[in-house]
Amino acid sequence: MTTINLREFFYWYKVDEYIEVSGEVAEELQADKRFEAAYAERVRYNKAFYSLDCDDGIEYSACLHEPTPQELLDRVELFVRLWNALNSLPEIQGRRVDAHLILGKSIRQIAREEGVSKSAVRDSIHGGLESMKKYLRKNF
């Protein structure tokens, strides 16, 4: 049997607390302590202090790549096509599609602002999207 100090292995022990454990348990605790020290040294040496899971934008920036000139031209062309399709709609329908899809307003909020029923706004948006699809199929 080996006597160990729990404060050396577990951070939540604030005072010395000695217990007797078998040799296998003591060796396993020592191996774990050495592994954690080696890991901390690897992190320090490689300056790897960041986690991709902490939602601070590091993962996004690490995965983001610079678009090629061809990708930029494709984006501009797609934008122009969608812009033309949106402009082909009647004014009210275009305004509702724009408010719902681009500005992110809810159907209820649009209906309240315009003083009409939710079903009228929903039908208008649905019809506008169908008209845009037809326009895009026909012209492109």
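1. A salt bridge here is a side-chain nitrogen of Lys or Arg within 4 Å of a carboxyl oxygen of Asp or Glu. E130 and K133 meet this rule through their side chains, at 3.6 Å from N to O. The count for the model comes to nine salt bridges. Side chains of opposite charge can pair when their charged atoms come close.

2. Some ground rules. This is a predicted model, in which local features need pLDDT of at least 70 and side-chain atom pairs count only at pLDDT 80 or more, while totals for chains, interfaces and linings use all residues. Residues are numbered from 1 along each chain as its sequence is written, and side-chain values use heavy atoms, with hydrogens and water left out.

3. Now the overall layout. The protein chain has seven helices and two strands. Helices (H or I, at least four residues) and strands (E, at least two) are DSSP runs, numbered from the N terminus. Along the sequence the pattern reads β-α-β-α-α-α-α-α-α.

4. The protein chain has an accessible surface of about 11400 Å². Carbon and sulfur atoms account for 56% of that surface. Accessible areas come from the Shrake-Rupley method with a 1.4 Å probe, and for residues only the protein chains shown count as cover. Buried means under 20% relative accessible area, exposed means over 50%, and partly exposed lies in between (1.4 Å probe, protein chains only). Of the 140 residues in the protein chain, 16% are buried.

5. Contacts come next. A contact means heavy atoms within 4.5 Å. Take the contacts in the protein chain between residues at least 6 apart in sequence: 33% of them join residues at least 24 apart.

6. L89 sits in the loop between helix 4 and helix 5 (91–102). Is L89 buried or exposed? L89 counts as buried, because its relative accessibility is 9%. Leaving out residues up to four places away in sequence, L89 touches G94, V97, G128, S131 and M132. L89 and M132 are 43 residues apart in sequence. In space, their C-alpha atoms are 7.5 Å apart.

7. Back to the pair in helix 7. E130 and K133 are three residues apart in that helix, so about one helical turn separates them. E130 is partly exposed, with a relative accessible area of 31%. K133 is also partly exposed, at 41% relative accessibility.

8. Helix 2 (residues 23–46) holds another pair, R44 and E41. Their side chains meet in a salt bridge at 2.6 Å, N to O. R44 and E41 lie three residues apart, about one turn of the helix. R44 counts as partly exposed because its relative accessibility is 48%. E41 counts as partly exposed at 40%.

9. R7 is partly exposed, with a relative accessible area of 43%. D16 is partly exposed at 41%. R7 is also touched by Y13, as is L6, not counting residues up to four places away in sequence. Y13 lies in the loop between helix 1 (6–9) and strand 2 (18–21). Y13 is partly exposed, with a relative accessible area of 28%.

10. Two surface patches deserve a look. Patches are made of residues with over 30% relative accessible area and no salt bridge; like charges are joined within 9 Å, and nonpolar side chains (Val, Leu, Ile, Met, Phe, Trp, Tyr) within 5 Å. Lys and Arg count as positive and Asp and Glu as negative, while His and the chain ends are not counted. The place of a charge is taken as NZ of Lys, CZ of Arg, CG of Asp or CD of Glu.

11. Which residues gather in the patch of positive charge? They are R108, R112, K118 and R122. Helix 6 (107–114) and helix 7 (118–139) each supply at least two residues of this patch. K118 belongs to helix 7. K118 counts as partly exposed because its relative accessibility is 38%.

12. The other patch is nonpolar. V76, F79, V80 and W83 make a surface patch of about 420 Å². V80 lies in helix 4 (residues 69–87). V80 is partly exposed, with a relative accessible area of 41%.
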